[in-house]
Each structure stands twice: as structure tokens, then as C-alpha cells.
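I opened my notebook beside the model and went through it topic by topic.

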Amino acid sequence: GNTCLVYLNKGVSNGTNFYNDKGYTYQEEHKQHWATDQDVEVVAHAQSEYNKLIIWNGDRYHGLCMDKRYIKEWRLNQVFFFQK
């Protein structure tokens, strides 16, 4: 299925990164979700902008961009899932 995300922050916040894995074995989602640069490679970045919609194949590895400039900012968004 596809995943959609709408950014709702009025200001800039952490965006979303998309990754290729380097053979990393992912653990249980939302519990053991940290991977290092040796595990994954960032191949695309979606910058957050108010009311911006991004859509991607839900099988693509993705996650919150961990940019230290926004570490104290909350990312507010709405996520939707739908089948092809």
C-alpha cells in the first residue's frame, strides 16, 4: 500500500528521510528502530513545509530526519494509509 503524510507545522521542522538498507535486519517497528549510517543510506529527503503532502510506497524504508537543528521542535503531521 501507499503511505501519505501531511506536514502541519507552521514553521520548519524535521522532514522525512527515505533509505536504502545495506543488509540491515530491522527489528520490531517503533521499539527497536535505530539504524546507523553503516546500516542504511539516505537516498532522498522530503523537507517539511506547512500543508505539504508526500506520498510513497509504504514498503520503502523511511523515518524522521534526525537533523540536530530541529531536535527541540515537535513534528506535527497527519498520516494516511491506502491500498493500491
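What percentage of the 84 residues of the protein count as buried? I found that 30% do, taking buried as under 20% relative accessible area, exposed as over 50% and partly exposed as in between, with a 1.4 Å probe and protein chains only.

A note on the ground rules: this is a predicted model, so I kept to local features with pLDDT of at least 70 and side-chain atom pairs at pLDDT 80 or more, while totals for chains, interfaces and linings use all residues. Residues are numbered from 1 along each chain as its sequence is written, and side-chain values use heavy atoms, with hydrogens and water left out.

**Entry: overall layout**

I looked up the secondary structure and got 0 helices and 6 strands, in the order β-β-β-β-β-β from the N terminus. Helices (H or I, at least four residues) and strands (E, at least two) are DSSP runs, numbered from the N terminus. Next I checked contacts, meaning heavy atoms within 4.5 Å. Among those between residues at least 6 apart in sequence, 81% join residues at least 24 apart. The protein exposes about 6,400 Å², and carbon and sulfur atoms supply 51% of it; areas come from the Shrake-Rupley method with a 1.4 Å probe, and for residues only the protein chains shown count as cover.

**Entry: the core**

Which residues make up the largest nonpolar core? I wrote down 6: Leu5, Tyr7, Phe18, Ala46, Ile54 and Trp56. S1 and S4 each supply at least two residues of this core. Such a core is a set of buried Ala, Val, Leu, Ile, Met, Phe, Trp, Tyr and Cys residues joined through side-chain atoms within 4.5 Å. In soluble globular proteins, nonpolar side chains tend to be buried together.

I then picked out Leu5, which lies in strand S1 and is buried at 5% relative accessible area. Leu5 and Ile54 are 49 residues apart in sequence, yet their C-alpha atoms are 5.4 Å apart in space. Beyond four places in sequence, the contacts of Leu5 include Thr16, Lys52, Trp56 and Val79.

**Entry: cysteines**

How many disulfides does the structure hold? I counted 0, with a disulfide taken as a pair of cysteine sulfur atoms within 2.5 Å. Cys4 is buried at 6% relative accessible area, and Cys65 is buried at 12%.

**Entry: the surface**

I looked for salt bridges, each a side-chain nitrogen of Lys or Arg within 4 Å of a carboxyl oxygen of Asp or Glu. The count comes to 1: Lys52 meets Glu49 at 3.7 Å, N to O. Lys52 counts as partly exposed at 25%, and Glu49 is partly exposed at 44%.

Last, I noted a nonpolar surface patch of Leu8, Tyr50 and Leu76, with about 270 Å² of accessible area together. Patches are made of residues with over 30% relative accessible area and no salt bridge, joining like charges within 9 Å and nonpolar side chains (Val, Leu, Ile, Met, Phe, Trp, Tyr) within 5 Å. Tyr50 sits in the loop between strand S3 (40-46) and strand S4 (53-57) and is partly exposed at 43%.
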